[in-house]
Amino acid sequence: MNNTEPVTRVFGIRHHGPGSARSLRTALHEFAPDMILIEGPADADPLVGFVAADTMTPPVALLAYVPDAPARASFWPFAVFSPEWQAMRYGVDHEVPVRFCDLPASAVLASEDETREQGDPLGELAAAAGYDDFERWWDAVIESAPDSAAFDAITEAMGALRDDSDSDSDSDSDTGSPYDIGGRGGSATSSDSGSGSNGSDANHRDSDSGSSGGVCGGEGASSDGRVHDISSEVAGSTPRESNLVVDQQTLRREAYMRQTIRAALKGGAQRVAVVCGAWHAPALSGPLGPAAPDARLLKGLPKVKASLTWVPWTHSRLASTSGYGAGITSPGWYHHLFTETRQPIARWLTRVAGVLRGHDLPVSSAHIIEAVCLAESLAALRNRPLAGLSEVTEAVRSVMCGGDETLLRFVTDELVVGEQLGGVPDNTPTVPLAADLRARSKSLRLKPEALERALDLDLRKERDVERSHLLHRLRLLGVGWGTPTVGEVRNTGTFRESWSLRWQPEFEVRIVEAAVWGNTLKTAAEAKILDLANRDDVTVTALADALETALLADLGGATDGLIRRLEAVAALDTDVTHLLSALPGLTRTLRYGDVRGTDTKALLHVADGLLVRICAGLPSAVTGLDVDAAEALRAQLDAAHTAISVRDDEHATDEWLTTLHRIADRDDVHGAITGRLVRLLCDAERIDDAESARRLSAALSIGNTPAAKAAWIDGFLGGRGLLLVHDRELLRRIDEWLIALPEDQFVATLPLLRRTFGSFESGERRAIGQASQALRDGVSTSETAATIAVDPLRGRMALHAATAILAAAQ
């Protein structure tokens with residue numbers, strides 16, 4: 001029978017601190033616990049076993065959400081350098097039971113209390129030690145000198161801070177509050193003094209912040225063998241005054257932790273290791289006291305049904321700049337320090353050189369050697385056992401970047417913060433929709449990546465078509481893994497799609513939210529798009545866009561419903577502008593259907609009916625428009641004209657051009673529209689150049705105001721500067737009109753003309769200027785050509801070169 005007194009040790013760590021992680025790993029080996037309790041949601045215990053899987057690769061996070069309201073969710077992230085992760089790994093490797101001891105996620109998600117600001121414990125200690133930056137203080141005292149004895153000192157310092165803090169526990173004073181921490185130096189029931197008991201995880205995640213330095217390897221002492229007296233430095237850093245607060249939520253959490261410790265001891269554990277934030281360590285150290293006050297504090301705690309799982313995480317989401325309360329400033333640097341145990345500074349600066357070379361910057365081996373020397377010299381001047389991030393950054397700035405902060409930003413973004421996406425096992429519990437996404441992406445060889453990458457799809461290939469369907473379905477469900485872009489590969493038709501892919505951890509929550517629509521991506525997307533289409537306020541344009549999206553995502557189950565809904569809404573919509581906006585989308589849908597082999601015959605009569613209603617209502621819609629309305633309608637006419645031209649249906653084209661011709665003949669239509677219609681009819685060869693010149697002369701006649709004339713020209717020329725370059729007669733008429741304008745009318749007309757000509761490319765404007773000068777000099781195009789001497793010999797040489805090039809191309 002074992003009569004040994006149970007031993008409990010509280011290890012205070014800082015979340016995501018490599019020095020804390022190394023010290024904790026050493027302390028656990030020394031202590032050899034038979035039970036490990038970790039700060040984290042207690043209902044996540046069944047998920048600990050997944051840590052042993054080969055495919056479990058940090059950074060990862062525990063995700064807890066309310067199944068009926070997935071937007072209510074919380075994350076608990078872990079990196080490889082997180083002390084909690086190392087504690088879990090120790091338990092898995094040594095077959096030691098691991099449990100979470102914090103409030104369950106079911107209580108966290110149900111809580112609506114606003115947590116009071118608890119202040120910055122590390123900032124208080126750093127200020128007392130004479131540091132203006134707590135990052136450098138923590139780095140110098142803890143991270144750069146890993147020592148299991150530091151846990152006792154940290155607990156003692158935090159206890160002193162809590163003694164001076166404002167507490168919400170006054171209501172328990174009449175019963176003997178369990179928050180009277182008492183002695184804080186040693187562990188609660190430990191008589192073993194060898195492993196640094198009572199360390200507490202520095203700060204709970206709502207207030208934790210990252211330090212900029214860290215240790216590498218297990219080197220805790222300086223090269224001369226000097227032992228760093230951490231206890232005296234930390235204990236001596238206690239400030240005289242504190243603005244820290246122990247809020248009610250913190251008290252509840254600590255009460256639950258004590259109850260978990262009691263349960264572990266009652267269950268037979270003899271050596272219990274508690275890994276928690278340093279701010280909580282004093283409340284868990286020493287005798288636990290009676291359980292009744294803790295039970296009263298936890299009585300009536302609200303709860304909701306919660307589901308938990310592991311999800312991949314990224315280094316950038318561990319950074320404090322992402323808004324993560326316990327974030328650190330340099331996750332990439334910390335990962336390097338924890339994983340590179342030999343010559344970490346030299347290896348880091350070699351990686352920095354690689355990043356700068358990747359941006360075409362000249363960095364040599366000599367730069368690396370000089371930067372290493374400078375970083376080590378700075379560390380020696382500052383009495384540090386190893387160069388930290390501040391010393392390394394100064395060396396990089398001075399030696400490799402020449403003082404250029406822009407170049408240094410490359411290093412910060414790509415290395416100091418870095419980007420690394422973790423992975424979880426395929427059998428991790430999740431919603432069916434997420435499982436379908438995981439299976440589909442794996443079969444299509446689309447691997448989620450934290451870094452942005454381009455993806456060009458050839459829609460003539462079956463796998464690329466399926467990839468396109470997947471990405472479009474995800475976008476419809478609110479998961480923007482892929483964003484359509486203009487690819488670098490020349491797009492000669494509709495057979496190619498270009499995407500920019502980047503996976504973000506929050507997509508996991510959006511997938512859970514989208515699971516309400518179905519268990520597979522296809523069924524969920526179909527259900528959601530039909531729900532959007534059946535809303536009372538849906539417009540014809542929105543339905544046309546939805547129909548296009550359904551085709552792109554291959555949602556055949558939703559197509560018929562969308563077409564019926566589109567017909568019904570279009571029949572009741574009397575606004576021609578709405579119908580015009582819907583027409584391009586329908587035309588693209590018909591076009592994509594041809595490319596993707598989709599049957600779109602049902603859309604033909606919808607598009608024809610839409611065009612008939614547009615042609616009937618357009619003549620009245622163009623009447624009495626102001627400048628802004630005329631320009632907006634002109635843009636819609638351009639889009640509709642392009643769509644009808646692309647469709648290439650003789651009957652539809654004839655109906656459309658006939659309507660435009662009828663409107664162009666009217667004199668009560670805004671000049672911006674009339675000028676554009678004349679241009680479109682001329683391009684379609686419905687009117688010839690002579691007729692367009694006559695209409696231009698009429699528009700520039702004395703009877704019209706300068707503003708009306710400028711609007712007509714803007715409509716006729718807008719975005720088409722080459723017309724003036726090649727049509728000298730058109731240029732002459734406009735030039736003569738401008739020259740003849742009185743000064744006051746020229747000034748009034750100038751803003752609109754500047755906008756018209758400003759839309760031309762610089763080469764077009766230059767060519768127009770040269771042509772205008774030639775007109776004023778009285779030199780015609782033919783005369784200009786005649787003045788150019790022809791050299792037959794050079795001509796034959798040019799023809800020979802062109803022939804050789806064409807032959808090689810064949």
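Analyst: Helix H18, residues 462–476, lies across the strands S10, S11 and S12 and runs at about 125 degrees to S10. The model is a predicted one, and every value here is computed from it.

The three strands under discussion form an open sheet, and their order is S10-S12-S11. Pairing in this sheet is antiparallel. S10 (453–458) and S11 (482–485) are the edge strands, since each pairs on one side only. From one strand to the next, the twist averages 35 degrees.

One of the pairings can be followed in detail. S11 pairs with S12, residues 496–501, in the antiparallel sense, and four bridges join the two. Within this part of the sheet, Pro 484 stands opposite Trp 499, a residue of S12.

Next come the open spaces, beginning with the largest pocket. The largest pocket holds about 750 Å³ of space. It is lined by 30 residues, and those closest to its centre are Pro 312, Val 424, Asp 426, Arg 438 and Pro 448. H17 provides the largest share of the lining of the largest pocket, with five residues. Sorted by class, the lining of the largest pocket contains 17 nonpolar residues, seven polar ones and six charged ones.

Searching the whole structure gives three cavities of 30 Å³ or more. In the largest cavity there is about 50 Å³ of space. The residues that line the largest cavity are Leu 583, Thr 587, Ala 607, Leu 611, Ala 643, Ile 644, Arg 647 and Ala 652. Six residues of this lining are nonpolar, one is polar and one is charged.

Three helices each supply at least two residues of the lining of the largest cavity: H23 (576–596), H24 (601–621) and H25 (627–647). Of the lining of the largest cavity, the largest share comes from H25, which gives three residues.

To go back to the part you asked about, the picture is an open sheet of three strands, in the order S10-S12-S11, with helix H18 lying across S10, S11 and S12.

Methods: Residues numbered from 1 in each chain as written. Predicted model: local features only at pLDDT ≥ 70, side-chain atom pairs only at ≥ 80, totals over all residues. Heavy atoms only, no water. 1 Å grid on protein atoms, 1.4 Å probe; cavity = no way out; pocket = protein on both sides within 12 Å on 5 of 7 lines; lining within 4 Å. Points joined across faces, edges and corners; volume = space filled by probe spheres on them. Nonpolar A, V, L, I, M, F, W, Y, C, P; charged D, E, K, R; others polar. Pairing = 2+ DSSP bridges. Axes fitted to C-alpha atoms, helices over the stretch in contact; angles between N-to-C directions. Contact = heavy atoms within 4.5 Å.
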